[in-house]
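Here is a short tour of a protein model, written for reading alongside the viewer. Please keep the sequence and the 3D view open as you go.

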Amino acid sequence: MPKINGEYAAEAAGITVKEYLLSKGYSLSFIAVELNGNILPKPEYESYVIKEDDKLEVVTFVGGG
């Protein structure tokens, strides 16, 4: 079962990273995704299908001063 941000996410297996992110309400412009220890390039969000043993970390950028 995939693990996303430290939580198991059975619903994520078999869908693309983009589909998962949009289903969770993420704005694709303000995030970065680490996949199994490596940054996943944004162009690959549409094509990379999440596998059972994947570990993802989704980081949201927050502006401030």
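**Asp54 and its surroundings**

Not counting residues up to four places away in sequence, Asp54 touches Pro2, Lys3, Leu35, Asn36, Tyr48 and Val49, where contact means heavy atoms within 4.5 Å. This is a predicted model, in which local features need pLDDT of at least 70, side-chain atom pairs count only at pLDDT 80 or more, and totals for chains, interfaces and linings use all residues. Residues are numbered from 1 along each chain as its sequence is written, and side-chain values use heavy atoms, with hydrogens and water left out.

- Asp54 sits in the loop between β4 (38-40) and β5; helices (H or I, at least four residues) and strands (E, at least two) are DSSP runs, numbered from the N terminus.
- Asp54 is buried but has no salt bridge, and the nearest side chain of opposite charge, Lys51, is 5.0 Å away.
- Buried means under 20% relative accessible area, exposed over 50%, and partly exposed in between (1.4 Å probe, protein chains only).
- A salt bridge needs a side-chain nitrogen of Lys or Arg within 4 Å of a carboxyl oxygen of Asp or Glu; for charge, Lys and Arg count as positive and Asp and Glu as negative, while His and the chain ends are not counted.
- The backbone nitrogen of Lys51 is 2.8 Å from a polar atom of the Asp54 side chain.

**Two residues with positive phi**

- Most residues other than glycine have a negative phi.
- Asn36 has a positive phi near 50 degrees and is placed in the loop between β3 and β4.
- With a relative accessible area of 42%, Asn36 is partly exposed.
- Asn5, in the loop between β1 (3-4) and β2, has a positive phi of about 50 degrees without being a glycine.
- Asn5 counts as partly exposed, at 32% relative accessibility.

**Buried positions elsewhere**

- Ile31 belongs to strand β3 (residues 31-35) and is buried, with a relative accessible area of 2%.
- Leaving aside neighbours within four places in sequence, the contacts of Ile31 include Leu21, Tyr26, Val58 and Phe61.
- Ile31 and Gly63 are 32 residues apart in sequence, and their C-alpha atoms are 12 Å apart in space.
- Thr16, in the loop between β2 (7-8) and α1 (17-23), counts as buried at 13% relative accessibility.
- Beyond its neighbours within four places in sequence, Thr16 is in contact with Tyr45, Glu46, Tyr48, Val49 and Ile50.

Note on methods: A polar contact is a pair of N or O atoms within 3.5 Å; within protein, one must be able to donate a hydrogen and the other to accept it, and residues adjacent in sequence count only if both atoms are side-chain atoms.
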